[in-house]
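This report covers selected local features of the model shown below.

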Protein chains: 2
Amino acid sequence: MAVYTEISDQELRSFVGLYNIGEVQSCKGITEGVENSNYLLQTTQGTFIVTLYEKRVTRGDLPFFLGLMEHLAVQNFPSPTPVRGDDGEMFRTLCGKPASITTFLPGLYPKKISLNHCKQLGMATAKMHLATIGYKFERQNQLGRSGWSNLFGQVFDQINSFHLDLRKIIEEELVYLDKNWPSDLPRGIIHGDLFPDNVFFQNDLISGIIDFYFACNGTYAYEIAICLNAWCFENDISFNVTKAKFLLKGYNSIRKLNSQELAALPLLARGSALRFLLTRLYDILHHPVGALVNPKDPLEYFKKLAFHRKATGPSAYGLA
Amino acid sequence: MAVYTEISDQELRSFVGLYNIGEVQSCKGITEGVENSNYLLQTTQGTFIVTLYEKRVTRGDLPFFLGLMEHLAVQNFPSPTPVRGDDGEMFRTLCGKPASITTFLPGLYPKKISLNHCKQLGMATAKMHLATIGYKFERQNQLGRSGWSNLFGQVFDQINSFHLDLRKIIEEELVYLDKNWPSDLPRGIIHGDLFPDNVFFQNDLISGIIDFYFACNGTYAYEIAICLNAWCFENDISFNVTKAKFLLKGYNSIRKLNSQELAALPLLARGSALRFLLTRLYDILHHPVGALVNPKDPLEYFKKLAFHRKATGPSAYGLA
C-alpha cells in the first residue's frame, strides 16, 4: 500500500470537475497499490479510484497502460476502466503528478488461496491473453531478463547481509537463464504482476483484476510462471502441486498451453523467482524513509528460487 | 493512518453477517486513524467504517467511546453512529481484536485551514460540549496532566537527540503547570483530539467529526486550547490571531466562555502543547517496525510550546 501525496480539497474538486462524474462526497487514501497512491473517491454519481503515479510508472507509459485497461474493459474483461475527462483525456496532472480516474471494482482479494481461486485465476489469465491480441500498442518489459544484471549490480554491494549465498546463486542463475531461456514461445501482452492482492473475488468468481502498471509484451507462459510463484506456494514455501494443477487446468480450458510452453515452465518459474528476488532486494535497500509501505521479504523469493533450482521438469510441479 | 491487521474474507463475511447491513461488496484499508485500523466497507446497503482497535484503545473503554458516539448521533451531532449487531452489541471480536462497525460520514478533512474552518470548528465544539451534558458515563483523561510526568520518564533517556533543551524545558513546564493549573473551570466530556484530520467539511460546513477514542471528562477550555494549537498556527509555527478569533467567535456563539476560561487559555494551551510534545516523543521513540504510519514531528510542538511560554495573556492570542 502507499499513499505518498496529500491532495488538497481545492485541487481535488478542480480535478474531479474536469470529469462528468458528479460532485465529490469523500476521498480516502486506501492501502492498495505499492507503486502508486490510490484514493477511493465517492461522488454523487458513484465510487471511483483516483490514482496518482508516484514512481516507476512513467508518464510516457500511461497511454499504454490506460489504453490497455480500456481495451480490456470494452471486451468485458473485469479491469478498471479509465474514465475520460470532458476533454477526452485519460490522464492529467494532479499535485504535480500524472493522475487518472478509473471505475471501482467490487470484490475482495483472497488472503488464503483456495484451489478454486487458482482455477479462476488460470481462466481469467487466459481470457486476458486472448482479449489483448488486438491491442495495437507495445511496451517492453523493463523488469525482464535483460534488466536483471543491471538490477543485480544495483544491489550487489549490500546483499550479503540478507544471505551469504545470495551473490553466488544469483550469478549462477543469470548465467544459466541466459544460456537456456526459450526464445520462441507464444507471446503477447502480459499483466506481469498477477499477485493475489491484484485479483478480486466475489461469490467465488473473479470480479476484478487491477494494477496493470507492469503490463508489457512478453511470453504468455512466463505469466503462468509468475502465478505459480505467487499463488501455489504455501506460507512455509512448500509447493502445492494441486494448486498448480488447478491453475493450469483453468488456463488450458480457455487457451491451451502447447508442449513447449509446458516444458519451459520450470525454467520460467526460476526466472520469475529471480525477478522478484532482485526487485525485492532493490526495494528493501532503496526503501524511502517515511514511505507508508512495508517492503516485502526478498528471502521468500530466494527460497522459491531454491525450489525451482532443484526441480527436474514439469513433473516436480505436478504438471506432467 | 494505520492498517495493521489483514482481515480474511471468511472472517469479514462472518463478522458482517452479524449485522443487518447487507452483503459485503468490498472492504479496503484506509489511511485514516493513527491508533486503530480502519476499513471502508461497502455492502449492498451502503458504506460503513469497520474499525479494529489495535492499541492504546482498551476494550474496557469501548462502551464509553461507542456509547458517546451513539449519544451524540441521537442528538443529530455529526459523529459516526455505531451500528448495533443483531444481538444489540456495539462491538465484538474480529481477528482477535475488539472491532466495531460505524456509519460512514461524507466530507473531506481540510488540508489548508481557513478562517471559516476555525469558526465552524468552534461552533461544532461548543455544540458537542452541550450535547454531551446528559451523557452518564465517565472516563478519566489517560493523557491528562497527571500522566505527563510518567510519559516524560519514559522518554527521558533518549530525547537529547531531538533538542538539547528538551529535558530542561519539559521539567520547567511540569513544575510550572503543576503550580498554576486551574482547578475550577467548567468541565464535561471533551473530544480530546480535535485535529483537522478528524473534522470533515462539505460545502464549507462540518459534515462529520470522527475519532472519539481520546474522549474523556475534562475542562472545556482545555479542548479549545488543543484547537488553538492544532488549527491556529501556520506551517512556519507563526500564530494566526485571526484564526484564533474566529475559533472563539464560533464557540462563543453557541456556548460562551466565561472570563476565567478565557484567562486560562494561554496556560491551557501551554499544557496542551506539552501533552502533544510528550506523546509525539513517546510515539517516535516507540515506533513499531513496520507500522504503516509515519510518526509526527515532536519538535512542531516544542516550537508551539515556546510560543506559549512567551505569551503574557489572552492578548498574545488576539483574544483580549
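Why does L274(A) count as buried? L274(A) counts as buried because it has 25 C-beta neighbours inside 10 Å; a residue is buried if 20 or more other C-beta atoms lie within 10 Å of its own, exposed if 12 or fewer, and partly exposed in between, with C-beta atoms placed from the backbone. This is a predicted model, in which local features need pLDDT of at least 70, side-chain atom pairs count only at pLDDT 80 or more, and totals for chains, interfaces and linings use all residues. Residues are numbered from 1 along each chain as its sequence is written, while chains are lettered from A and ligands numbered from 1 in the order in which they are written.

**Helices of chain A**

L274(A) lies in helix α8 (residues 259-285) of chain A; helices (H or I, at least four residues) and strands (E, at least two) are DSSP runs, numbered from the N terminus. Leaving out residues up to four places away in sequence, L274(A) touches W148(A), I170(A), E173(A), L177(A) and L305(A), where contact requires C-beta atoms, placed from the backbone, within 7 Å.

Helix α4 (residues 145-155) of chain A has W148(A), F152(A) and V155(A) as its buried residues. These lie on the same side of α4(A), because they cover an arc of only 75 degrees around the axis, the arc being that of the directions from the helix axis to the C-beta atoms. They pack against α5 (166-180) and α8 of chain A. The exposed residues S146(A), N150(A) and G153(A) are on the face turned away from the buried side of α4(A).

**Domains of chain A**

Chain A is divided into domain 1 (9-103) and domain 2 (115-317), with bounds from an automatic or database domain assignment. The contact between them takes 18 residues from domain 1 of chain A and 18 residues from domain 2 of chain A. Taken over C-alpha atoms, the domain centres are separated by 27 Å.

**Strands of chain B**

Strand β2 (residues 37-43) of chain B has six of its seven residues buried.

| Partner of β2(B) | Bridges joining the strands |
|---|---|
| β1(B) (residues 24-30) | six bridges |
| β3(B) (residues 46-52) | seven bridges |

In β2(B), Y39(B) stands opposite G29(B). The hairpin of β1(B) and β2(B) has six residues between the strands, and G33(B) takes a positive phi near 90 degrees there. β2(B) and β3(B) also form a hairpin, with two residues between them. Q42(B) has T47(B) in β3(B) as its bridge partner.

Note on methods
Pairing = 2+ DSSP bridges. Contact = placed C-beta atoms within 7 Å.
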